[in-house]
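Subject: Structure handover and salt bridges

Hello,

Here is the structure for your files. Please have a look at it first. My notes on the charged side chains follow.

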Amino acid sequence: FPGCVGFLERTDIFLCYGPTYHGETYFNRKKQYALKVQGICNNRRKFRFITSGFPSSIGDATVFCGTSFFKKPNVFFSCPDEYILANKAYRVTCCCMTLYK
């Protein structure tokens, strides 16, 4: 894909116990307490961006919209034709293209 500089994906880091403060927000659909970790890897399998610490119950697109990558994409791209690929959980923007909807 010409102009594609990476792929956005997320995973959960499972916790043994729920946090005492707003613990219910860390409870995910798999009925476990977890934190979200999102990362963008390039074609050499190197991370270009990573964010973590969001509760697992928050949607992937919502987490992405709260990142510096989303808010200031020009800092992370070297030319205006570059973009990242993501799955259908994310929305299409000037710098993020979803593979299918």
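How many salt bridges does the structure hold? It holds three. A salt bridge here is a side-chain nitrogen of Lys or Arg within 4 Å of a carboxyl oxygen of Asp or Glu.

Before the details, two notes on the source. This is a predicted model, where local features need pLDDT of at least 70, side-chain atom pairs count only at pLDDT 80 or more, and totals for chains, interfaces and linings use all residues. Residues are numbered from 1 along each chain as its sequence is written, and side-chain values use heavy atoms, with hydrogens and water left out.

D60 pairs with R10, with the closest N and O atoms 2.9 Å apart. D60 sits in helix α1 (residues 60-65) and R10 in strand β1 (residues 4-14), so this bridge ties together parts that are 50 residues apart in sequence. Helices (H or I, at least four residues) and strands (E, at least two) are DSSP runs, numbered from the N terminus.

D60 also bridges to K36, at 2.7 Å from N to O. K36 belongs to strand β2 (residues 34-41), so this pair links parts 24 residues apart in sequence. Both D60 and K36 are buried. Buried means under 20% relative accessible area, exposed over 50%, and partly exposed in between (1.4 Å probe, protein chains only). For D60 the value is 12%.

R10 also bridges to D12, the closest N and O atoms being 3.4 Å apart. D12 is buried at 13%, while R10 is partly exposed at 22%.

Through shared partners, the salt bridges join R10, D12, K36 and D60 into one network.

Best wishes
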